[in-house]
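Here are my notes for your first look at this one. Have the model open beside you and go through the points in order.

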Amino acid sequence: MNTINKNFIPQDGLAGLKENFGKDLLSGFMVSLLALPLSLGIAKASDFPNPMYGVLTAIIGGVVVSFLAGSQLTIKGPAAGLIVIVSGSIAEFGGGEHGWQLTLGVIVVAAVVQFLFGLFKLGKLSDFFPLSAVHGMLAAIGLIIIAKQLYVLLGLSTSGPDGHPITSPFGLLGNLPFAISHASNNMPIVIVGATALAIVLLLPMVKNPIIKKIPAPMVVLLVVIPLGVYLNLKDIKGGVLKFDKSFVEIVGFNASFEGVKNIGVFVKYVILFAIIGSLESLLTVKAIDMLDPFRRKSDYNKDIIAVGLGNGIAALLGGIPMISEVARSSANVNNGARTRWANFFHGACLLMFMLFLMPVIQMIPNAALAALLIGVGIKLAHPKEFIHALHIGKEQFLIFVVTIFFTLFEDLLVGIAAGIVTELIVNIINGRTFAAMFKAPTTVEESEFNEYYVNINDAAVFSNFLGIKNKLYNLPKEKNVTINLSNTKLIDHSAMEGLHLFKHDYEESGGKVVVVGLDNHTPFSNHEFAARKQS
């Protein structure tokens, strides 16, 4: 990233377009190259009837939502993390066209909920969830993606020995040897899939700075589309993308609620879409704010409102749900983007691709899209994530693994709930009462020298940190703040990282923060943000 003047803040609106046109256009174009195959792959993996519904969502996320968003540099579009929820919803509603339409109805209602989250200023929702449970949820999503997409990569059927389709992650992984032993006429698909996966895994290891700027998905397409033509993949079932409808025919879809017989399933997926989608978006916005070279702070509530509106529009037109997506947003920052116009240009470029490159897009091998998604899954569930959780503390590793197991065994809602309950049990075992988990006895004192002392008593844990955070972020700016933890009996990992983030944010705005009172605490590991309790 180029060195910038710290006193320079890019303008917003039309002035920002004129001021930063070149940088934002270039970044938007580069991000669109990354977004095109991923959006197609996510829609296909989500069991939507047309892969282009994924691109439709990305177009709306760029062309429409960019003007409403509360963040400058995040890219809005389909996310691999929602594949599990979308495909699960379609399956539980009976699959096919009917399941898809009812899922769109769910997304519309969830979009309204997201809008209300922002309207009632619940943008701090992410602070309630234990960090290890969140990372465990994402790792579980990664494992599910890998389990499902391996079959597409290898051109295999997901049917087991009894002929019935297998849908559970454990079942899919266990059935893989049987599926491979009974595969036939799929060697061209295997060659394309293996080639694409090799590019996905090996390209990041290339040190050449010019090559590293080329999005891996675009390299994959440049290699495997000609390879697929050479191997006649279009004549093999499941070989290449096939669209039953044209792009124009997507517009005009009306979401239908008719036929919802299982209200429990409907409510379950509304909760999943609203909470998990909002959580992923908020975590992305928080992460990108840390990367923003101009140190701008996003309006979380405004951003959730924008994502909710975008999801409502996308679902009414047949599209899959969107979030603030972390990989594309990070690429946007690294490409030198300066304003929300980069997100707009990313959507506009995708629209141009749809209008003028349709014949080429229909030549994309399904195995290549599966390879790209497996690459995403590997990043989410990389062994480094397990090692990192263990490094923070054994109790955090337990929360991480419990969340993964119950997500794989049941679903995301049960998984994240299991992670929260495990964290509560761990905190109680470490000497705090259940009532203390939800209280935040925090006092703020001002000295005669205009300095502020924040005293946190009893416990600072994920479940009461929202109250602590409200008092911290309501302090006057550019002051000297001392956070006293000497009377805090227990501080968990989420609270430790939350305090660190507050210190970073407050000092970025010109203040000074000192944390005292940890000398009489015993950390659970050597990690900087390890949980700790009084000796």
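1. What volume does the second largest pocket have? It comes to about 1,200 Å³. Keep in mind while you look around that this is a predicted model, not an experimental one.

2. Who lines that pocket? The lining of the second largest pocket is made up of 42 residues, and those nearest its centre are Ala45, Asp47, Lys148, Thr158 and Ile166. Helices that give two or more residues to the lining include α1 (13–45), α5 (131–153), α6 (169–181) and α10 (263–291). Also on that list are α3 (83–92), α15 (366–380) and α17 (394–409). The largest share is the one from α3, with 6 residues. By type, the lining splits into 21 nonpolar, 13 polar and 8 charged residues.

3. In soluble globular proteins, nonpolar side chains tend to be buried together. Here the largest nonpolar core holds 73 residues, and the members that touch the most others are Phe48, Ile85, Met137 and Phe273. Helix α10 supplies the largest share of this core, 11 residues. A separate core, apart from this one, has 52 residues, among them Leu38, Tyr151, Ile361 and Ile364.

4. Met137 deserves a click of its own. Setting aside residues up to four places away in sequence, Met137 touches Ile276, Leu279, Thr403, Leu412 and Ile416.

5. Then go to Ile141, which sits in helix α5. Is Ile141 buried or exposed? Its relative accessibility is 0%, so Ile141 counts as buried. Beyond its neighbours within four places in sequence, Ile141 is in contact with Ala80, Gly81, Val84, Leu380 and Leu412.

6. Leu317 lies in the loop between α11 (300–316) and β2 (323–325). Leu317 has a relative accessibility of 22% and therefore counts as partly exposed. Leu317 and Leu104 are 213 residues apart in sequence, yet their C-alpha atoms are 9.0 Å apart in space.

7. Two backbone angles to check. Arg295 is not a glycine, but its phi is positive, near 55°. You will find Arg295 in the loop between α10 and α11, and it counts as partly exposed because its relative accessibility is 38%. The other case is Glu478, again not a glycine, with a positive phi of about 60°. Glu478 is placed in the loop between α19 (465–473) and β6 (480–484). With a relative accessible area of 57%, Glu478 is exposed.

8. Which strand holds Arg532? Arg532 belongs to strand β10 (residues 532–534). This charged residue has 10% relative accessibility, so Arg532 counts as buried. Leaving out neighbours within four places in sequence, its contacts include Lys489, Leu490, Ile491, Met496 and Leu518. His521, Thr522, Pro523, Phe524 and His527 are also among the contacts of Arg532. Arg532 and His493 are 39 residues apart in sequence, and their C-alpha atoms are 8.0 Å apart.

9. Last, the confidence values. The protein chain has a mean pLDDT of 89, and 94% of its residues reach 70 or more. Among its elements, the highest mean, 97, belongs to strand β1 (residues 75–77), and the lowest, 80, to helix α8 (residues 209–212). Where does pLDDT stay under 50? That happens over residues 248–255, for which the model has 18 contacts beyond four places in sequence.

Methods:
Residues are numbered from 1 along each chain as its sequence is written. Side-chain values use heavy atoms; hydrogens and water are left out. On a 1 Å grid over the protein atoms alone, a cavity is a set of points where a 1.4 Å probe fits but cannot get out, and a pocket is an open set with protein on both sides within 12 Å along at least five of seven lines; lining residues have an atom within 4 Å of a point. Grid points are joined across faces, edges and corners, and a volume is the space filled by probe spheres set on the points. Helices (H or I, at least four residues) and strands (E, at least two) are DSSP runs, numbered from the N terminus. A nonpolar core is a set of buried Ala, Val, Leu, Ile, Met, Phe, Trp, Tyr and Cys residues joined through side-chain atoms within 4.5 Å. Buried means under 20% relative accessible area, exposed over 50%, partly exposed in between (1.4 Å probe, protein chains only). Contact means heavy atoms within 4.5 Å. pLDDT is the predictor's confidence in each residue, from 0 to 100.
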